[in-house]
Amino acid sequence: MIDPRRLIRPLVHRVHAYAPGEQPKIQGLIKLNTNENPYPPAPAVLRAVRAAVNSGLRLYPNASAEDLRAGLARLHGCRAENIVVGNGSDELLALAVRAFVEPGSGRVPRRAKVQYFTPSYSLYPVLADTHGATKCPVPLPPDFDLPPVAGLRRQGRWDFSAALSLVTTPNAPGGRGYSRRQLRELCAAHRGVLVLDEAYVDFAKEDALPLAREFPQVLVCRTFSKAYSLCALRVGYMVGHPELIGALHKMRDSYNVNRLGQAAAEATLRNLPYYRRNFRRVIATRERLAAGLEQLGFTVLPSQTNFLLARPPEGKAADWQRQWRERKILVRWFDQPRIREWLRISIGTDPEINALLRAARAIARLS
Ligand SMILES: *Cc1c(COP(=O)(O)O)cnc(C)c1O
């Protein structure tokens, strides 16, 4: 008898797979657990997707998302060779690990390092593990602010020459925004590849895209998922120096971005004012939710994203998650050090947030 377990690499047995937020099929659920946009894509985007369904399912997509890259280059004032599109930004983060990091701890340890701050995006350690790279988590200070370069040097844990460093900005799940000035200082000190993961940047005060043009070792990562309501179609991109971008192109699958995703993202770029109105709505709802939760005794971190990290009174986060769930409202609890007492709440529509606050008042009365 063949034991199939023995056919699998030991590394794979050791990997703890990424735990995605729940996607339940319960009717009427208010889903505030995975930072999806509560508003639909622009009508013109839905028309573009329908047209692509009618004409193109039989055909392969454009292999390098040429038209989309041209549109993105116009938007960001760079050239198509500065851009690679991925099957979601998650794919590009994985490609960056494969393109820039040596698997295993070889003769030069820094070449095998995947470095990131904690808490930040919980996918990063999984990507390092699946590649056999060395995980290098560096804790953020208690307020989750980005430490200045002098502070990082003094502490001595951050390796400015690590093969790959990943910085979520604005951060998740804390929600804190980092200024371009802070990030430029970090970029200027870096010798290894530095990815600025801007998944939530459209809800922030500042972005860091110019840093990808200023520094050859810096890549900025964006996604159409959160701000542009296209989670389902999986489209993300990176902007940076043509050498690094070319390396990612080499490592990707030949048809990595599907035809519907390309059509939807291209149409999105032609309808940006529609989305900017929604960003303002989400931000206004976010501030109203923060005030409502604070009135109930929650501690709420300042957010520049489409979610809030909030600590319930007395810190019984898992209990609150369960009680909201009993009332058909889903929020995210991370069983992770430093954020176990907190809940991450995605910003929904105004009626959804009103329902969440009503339920919170009822739960507070019971406890
Ligand atoms: C959601 C998220 C991503 C992944 O986005 P996709 O484009 O949907 O793969 C990447 N980074 C961060 C920080 C995220 O929160």
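This passage goes through the chain as a whole and then two of its residues, Arg-176 and Thr-268.

The model is a predicted one, so local features need pLDDT of at least 70 and side-chain atom pairs count only at pLDDT 80 or more, while totals for chains, interfaces and linings use all residues. Residues are numbered from 1 along each chain as its sequence is written, and side-chain values use heavy atoms, with hydrogens and water left out.

Starting with the overall build, the chain holds 13 helices and twelve strands (DSSP runs numbered from the N terminus, with H or I over at least four residues for helices and E over at least two for strands). Of the 367 residues, 53% are buried (buried is under 20% relative accessible area, exposed over 50%, partly exposed in between, with a 1.4 Å probe and protein chains only).

Arg-176 sits in the loop between β5 (164-168) and α7 (180-189). It counts as partly exposed because its relative accessibility is 25%. Not counting residues up to four places away in sequence, Arg-176 touches Asp-143, Phe-144, Asp-145, Pro-170, Asn-171 and Pro-302. Two of these partners come up again as polar contacts (N or O atoms within 3.5 Å; within protein, one must be able to donate a hydrogen and the other to accept it, and residues adjacent in sequence count only if both atoms are side-chain atoms). The Arg-176 side chain reaches the backbone oxygen of Asp-143 at 3.2 Å, and a side-chain to side-chain polar contact of 3.5 Å links Arg-176 with Asp-145. Asp-3, by comparison, is 173 residues from Arg-176 in sequence and 48 Å from it in space, C-alpha to C-alpha.

Thr-268 belongs to helix α10 (residues 259-269). Its relative accessibility is 0%, so Thr-268 counts as buried. Neighbours within four places in sequence aside, Thr-268 is in contact with Val-45, Phe-224, Tyr-228, Leu-230 and Tyr-275. Pro-43 lies 225 residues from Thr-268 along the chain, yet their C-alpha atoms are separated by 9.8 Å.

Terms used:
Contact means heavy atoms within 4.5 Å.
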